[in-house]
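Dear colleague,

Please find below the structure I promised to pass on to you. My notes on what was found in it follow directly after.

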Amino acid sequence: RVPPKNDESITFAPREGRRIYLCAILRALPVAIAPQLLYLISFGELVLHFEPLLLETECSMPRNQQASENWTAVIRCDALRNYSGDARTSAGSLMLADFALCVIVSSVGFVFKTNPLKSDRPWEQNHAWAWGTIVSIILIPCYLSATLAGGVLSALPWYYYILALLAPLICLAIGELVKQKDLWHENRAVMMRRLQFETRLGMWSPKEN
């Protein structure tokens with residue numbers, strides 16, 4: 001049945017509201033998960049670098065064994081739950097910087113709801129967003145230089161930097177995949193609305209005698 005014209009009680013098509021929320025969650029989850037994983041890696045490695053005595057006394061991890069351990073063994077130590085030294089502070093700063101970078105890169109796909117990047121480039125049409133992105137990226141290293149303890153960057157493993165660079169790109173790629181699926185539903189909804197309009201127009205058009 002075609003809904004009445006200008007019926008304000010009908011906001012979404014059947015299951016359309018659920019689809020919108022699901023797409024938003026799928027695009028936001030990678031941005032939230034990636035910095036958490038990077039935090040665990042950086043925290044474990046920094047504790048190994050800055051707190052060998054603490055690991056030896058509280059986590060039963062002898063110094064000769066620490067050289068062969070990695071971050072996975074450190075984060076399982078319950079004694080570090082209340083730890084608040086340089087390793088945790090620096091790991092938190094790195095996580096915040098990683099989160100900001102993921103949000104900035106992912107925002108490229110949020111400028112247009114359904115248009116893919118290959119068809120509409122936001123840096124060419126939205127100059128306010130482009131300048132805001134440039135300023136935000138410049139502020140990230142400024143923030144890290146003011147908050148990180150000495151020797152943090154050299155204590156992190158090589159794969160941390162690879163993951164930190166790939167995480168924003170992965171978040172953007174997942175967002176674009178979700179956008180393609182959302183675009184298919186949006187085109188289908190447009191076709192349905194056009195069909196409903198033409199059906200209504202035909203019902204009230206003059207009839208030949």
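The chain has nine helices and zero strands, so that its order along the sequence reads α-α-α-α-α-α-α-α-α. Please bear in mind that this is a predicted model.

**The chain as a whole**

The chain holds 209 residues, and 34% of them are buried. Its accessible surface amounts to about 13,900 Å², with carbon and sulfur atoms accounting for 63% of that area. Contacts between residues at least 6 apart in sequence were also examined: 75% of these join residues at least 24 apart.

**The cysteines**

The whole structure was searched for disulfides, and one was found. It joins Cys 59 to Cys 77, with an S to S distance of 2.0 Å. The pair links distant parts of the chain, 18 residues apart. Cys 59 sits in the loop between helix H2 (52-58) and helix H3 (63-66), whereas Cys 77 sits in the loop between helix H4 (71-74) and H5. The torsion about the S-S bond of Cys 59 and Cys 77 is about -90 degrees, and the disulfide is therefore left-handed. Cys 59 has a relative accessibility of 15% and counts as buried; Cys 77, at 14%, counts as buried too.

Which cysteine sulfur is closest to that of Cys 171? It is the sulfur of Cys 102, at 4.2 Å, which is too far for a bond, because a disulfide requires the two sulfur atoms to be within 2.5 Å. Cys 171 is buried, and its relative accessible area is 3%. Cys 142, by contrast, counts as partly exposed, at 43% relative accessibility.

**The largest cavity**

How many cavities of 30 Å³ or more does the count give? The count comes to one. H5 and H9 each contribute at least two of the lining residues, and the largest share, four residues, comes from H9. Sorted by class, the lining of the largest cavity comprises three nonpolar, three polar and two charged residues.

**The second largest pocket**

The second largest pocket has a volume of about 240 Å³. Three helices each supply at least two residues of its lining: helix H5 (86-110), helix H7 (127-147) and helix H9 (158-203). The residues that line this pocket are Leu 94, Ala 97, Asp 98, Leu 101, Ile 140, Leu 144, Leu 153, Leu 156, Tyr 160, Tyr 161, Ala 164 and Leu 165. What is the make-up of this lining by class? There are 11 nonpolar residues, no polar residues and one charged residue.

**Individual residues**

- Ile 134 is found in helix H7. With a relative accessible area of 41%, Ile 134 is partly exposed. Ile 134 and Ile 104 are 30 residues apart in sequence, and their C-alpha atoms are 9.4 Å apart in space.
- Arg 63 lies in helix H3. Its relative accessible area is 46%, and Arg 63 is thus partly exposed. Leaving aside neighbours within four places in sequence, Arg 63 is in contact with Pro 52, Leu 53 and Glu 56. Of this group, Pro 52 is 11 residues from Arg 63 in sequence and 6.6 Å from it in space, C-alpha to C-alpha.
- Arg 121 lies in the loop between H5 and helix H6 (122-125). Arg 121 is partly exposed, at a relative accessible area of 39%. The C-alpha atoms of Arg 121 and Val 108 are separated by 8.5 Å, the two residues being 13 apart along the chain.

With kind regards

Technical notes
Residues numbered from 1 in each chain as written. Predicted model: local features only at pLDDT ≥ 70, side-chain atom pairs only at ≥ 80, totals over all residues. Heavy atoms only, no water. 1 Å grid on protein atoms, 1.4 Å probe; cavity = no way out; pocket = protein on both sides within 12 Å on 5 of 7 lines; lining within 4 Å. Points joined across faces, edges and corners; volume = space filled by probe spheres on them. Nonpolar A, V, L, I, M, F, W, Y, C, P; charged D, E, K, R; others polar. Buried < 20%, exposed > 50% of the residue type's maximum accessible area, 1.4 Å probe, protein only. Contact = heavy atoms within 4.5 Å. Areas by Shrake-Rupley, 256 points an atom, 1.4 Å probe, with all protein chains shown as cover.
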